[in-house]
Amino acid sequence: MNKQVLATVNGCEITKEDLELVVQHAPAEQKMQLNTLAGKKYLLNEMITQQMLYLDAKKKGLDQDEEFLKELKAVGENLLKQYAVRKLLDTVVVDEAEVKEYYEKNPEQFVKGPCVHAKHILVKEEEQAQNILKEIKAGKKFEDAASEYSECPSKANGGDLGEFEKGKMVPEFEKVAFELEIGKVSEPVKTQFGYHLILVEDKKDKKEIPFEEVKNTIKDYMLRMKQNDTYKSYADGLRDQYEITTHEDLLK
């Protein structure tokens, strides 16, 4: 495919591929703005300016300044260090058999529940909560009452909080939710947020999380651990090859 030249500065080309590479590596908060026609025009102009600055610096001989060469050496050393680490860690792999073995040897880590699926209505005053409860007992749908009265964002979904395990909610709320019968509405429950009416939709017992759901998470974890071990082991081995002198007393 022919390259698309967006601009030239003294014969030095700035291509569309160059510009798109800059956009690709831009911080997330800037990427969306740069990935517009106006953003690309701004970026192209900035790349032209940067190229002119580079050529001007070369013309003035700044690339031979002692301070620049010192900085260039430091940058080059850091890049080589990073490259060496990347090459080392690229040799580390985790296969599915290892992942499966970890899953089978650590079953306690892959258990979900017990959990509750609940809806709630949150108001500031107990009297208001009691009045809403009377309306529900008289036939008003819980979801309609939540949409009308609740001060929680979940009101947009009829008060639905989805499923949650123990430890995810404040203790007062959690205790009632896990003890309440399915389909029953609680009396007002006081928490630091106000007064809640709770409706339990469903309950699920503790269950094992299937291997397929967690294998990628396990693999990522094992890869990090193996990379850490590889890095440490290799670094420890290098210490036998080089003379090292430290002066930790100067750290004070």
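In which helix is Glu66 found? Select helix H4, residues 66–89: Glu66 is there. Helices here are DSSP runs of H or I with at least four residues, strands are runs of E with at least two, and both are numbered from the N terminus.

Before moving on, note the ground rules. This is a predicted model, where local features need pLDDT of at least 70, side-chain atom pairs count only at pLDDT 80 or more, and totals for chains, interfaces and linings use all residues. Residues are numbered from 1 along each chain as its sequence is written, and side-chain values use heavy atoms, leaving out hydrogens and water.

**Stop 1**

Glu66 counts as exposed because its relative accessibility is 71%; the cut-offs are under 20% for buried, over 50% for exposed, and partly exposed in between (1.4 Å probe, protein chains only). Together with Glu66 they form a negative surface patch. Patch residues have over 30% relative accessible area and no salt bridge; like charges are joined within 9 Å, nonpolar side chains within 5 Å.

Next, select Phe68, Leu69 and Leu72. These form a nonpolar surface patch with about 260 Å² of accessible area together. The areas come from the Shrake-Rupley method with a 1.4 Å probe. Leu72 is also in helix H4. Leu72 is partly exposed, because its relative accessibility is 46%.

**Stop 2: salt bridges**

Side chains of opposite charge can pair when their charged atoms come close. The rule used here wants a side-chain nitrogen of Lys or Arg within 4 Å of a carboxyl oxygen of Asp or Glu. The count is 16 salt bridges.

Pick Lys119 and Glu201. Their closest N and O atoms are 3.7 Å apart, in a salt bridge. This pair links distant parts of the chain: Lys119 sits in strand S4 (residues 115–123) and Glu201 in strand S7 (residues 194–204), 82 residues apart. Lys119 is buried, at 9% relative accessible area. Glu201 is partly exposed, at 32%.

Go to helix H8, residues 171–179. Lys175 and Glu179 both lie there, four residues apart, about one turn of the helix. They form a salt bridge, with closest N and O atoms 3.2 Å apart. Glu179 is exposed, at 55%.

Now show Glu148 and Lys140. Their side chains meet in a salt bridge at 3.0 Å, N to O. Glu148 is partly exposed at 45%, and Lys140 is partly exposed at 26%.

Last, select Lys112, Glu163 and Lys204. A network of salt bridges links them.

Notes: Lys, Arg positive; Asp, Glu negative; His and termini not counted. Charge placed at Lys NZ, Arg CZ, Asp CG, Glu CD.
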